[in-house]
Amino acid sequence: MSETSSSPEPEPAPESGPVLLVDDADGVRTLTLNRPQALNAFDQALWYSTADALEEAATDDDIRCVLITGAGRAFSAGQDLSEMNDPAVFQDQEPGYQRFMPVLESFPKPVIAAVNGVGVGIGLTMLLHCDLVLMADTARLKVPFISLGVTTEASASLMMPTVMGWQRAAEVLFTEPWIDAEQAVADGIALRSVPADRLLDEARALASHIGGLPLGPVVATKQLMLAGRLDAVKAARERELRAFEQLVGAMMAG
């Protein structure tokens, strides 16, 4: 569903090792998107691995908080377009975006994102579903949906105006600027900008603090925060999916 931009391009290179690194310590599950050669673009394996790791964390009483970051110089460059061009990938499996988003948007514990580098498409829109976002001062974000002939995803049509205000969301969606860390803070996407060399230390400290809190109140508080928006988020995501499919269908027919 999410799209990558024409810049930066994922670098074609063979991968080795797991596409997602999972580390549990001190009440925190750290998920590191681990496709650095592809700028951590989401393919089926990464969508599913991340959704599975979140679902496991949701039911593990030893985990109070999840921290998500990226390996290498990117947070995530969005959907892996090379896979999108191969329909055979989806014959026996639901598209990974549709597996991942319901899990993230309803996750019952706090989620922290440590945005270590570029975030494009889902690399930005998933942040709207994280509870706390720290951005490296060198990181930047972009949503190039319209120029690629598609539209919003991850309920961004609802969440961006809610988080950023209507006019700023409209500017970002219709003019597709790069958003640096300072602007992301001003827009409400991120909590704060952090020097790149201190990003993970600060994110881990924040996550460890939450990881030391009692589970019951943590979950109850997150659930109360989500209760007012979950139905609207799901409805927005389903509207976006229908619009996306119509636009892609029209492009293919044309």
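At what angle do α5 and helix α6 pack, and how far apart are their axes? The legends below take this up, and they describe a predicted model.

**View 1. Helices α5 and α6 pack at an angle of about 130 degrees.** Look for α6 at residues 166-175; α5 covers residues 156-164. The axes of the two helices lie 6 Å apart. Angles over 145 degrees would count as roughly antiparallel and 65 to 115 as roughly perpendicular, and α5 and α6 are therefore oblique to each other.

**View 2. The crossing of α5 and α6 is right-handed.** On the α5 side, the contact is made by M160, P161 and M164. Their partners on α6 are W166, R168, A169, V172 and L173. Sorted by class, this contact has seven nonpolar residues and one charged residue, with no polar ones.

**View 3. The second largest pocket holds about 260 Å³ of space.** The largest share of the lining comes from α9, which gives three residues.

**View 4. A closer look at the lining of the second largest pocket, made up of 16 residues.** To find your way to the centre of this pocket, start with L128, C130, D131, L132 and R229, the lining residues that lie nearest to it. What classes of residue make up the lining? There are 12 nonpolar residues, three charged ones and one polar one.

How values were computed:
Residues are numbered from 1 along each chain as its sequence is written. This is a predicted model: local features need pLDDT of at least 70, side-chain atom pairs count only at pLDDT 80 or more; totals for chains, interfaces and linings use all residues. Side-chain values use heavy atoms; hydrogens and water are left out. On a 1 Å grid over the protein atoms alone, a cavity is a set of points where a 1.4 Å probe fits but cannot get out, and a pocket is an open set with protein on both sides within 12 Å along at least five of seven lines; lining residues have an atom within 4 Å of a point. Grid points are joined across faces, edges and corners, and a volume is the space filled by probe spheres set on the points. Helices (H or I, at least four residues) and strands (E, at least two) are DSSP runs, numbered from the N terminus. Ala, Val, Leu, Ile, Met, Phe, Trp, Tyr, Cys and Pro count as nonpolar, Asp, Glu, Lys and Arg as charged, and the others, Gly among them, as polar. Axes are lines fitted to C-alpha atoms, for helices over the stretch in contact, and angles run from 0 to 180 degrees between N-to-C directions. Angles under 35 degrees count as roughly parallel, over 145 as roughly antiparallel, 65 to 115 as roughly perpendicular and the rest as oblique. A crossing is left-handed if the near helix is turned anticlockwise from the far one by less than a right angle, and right-handed if clockwise. Contact means heavy atoms within 4.5 Å.
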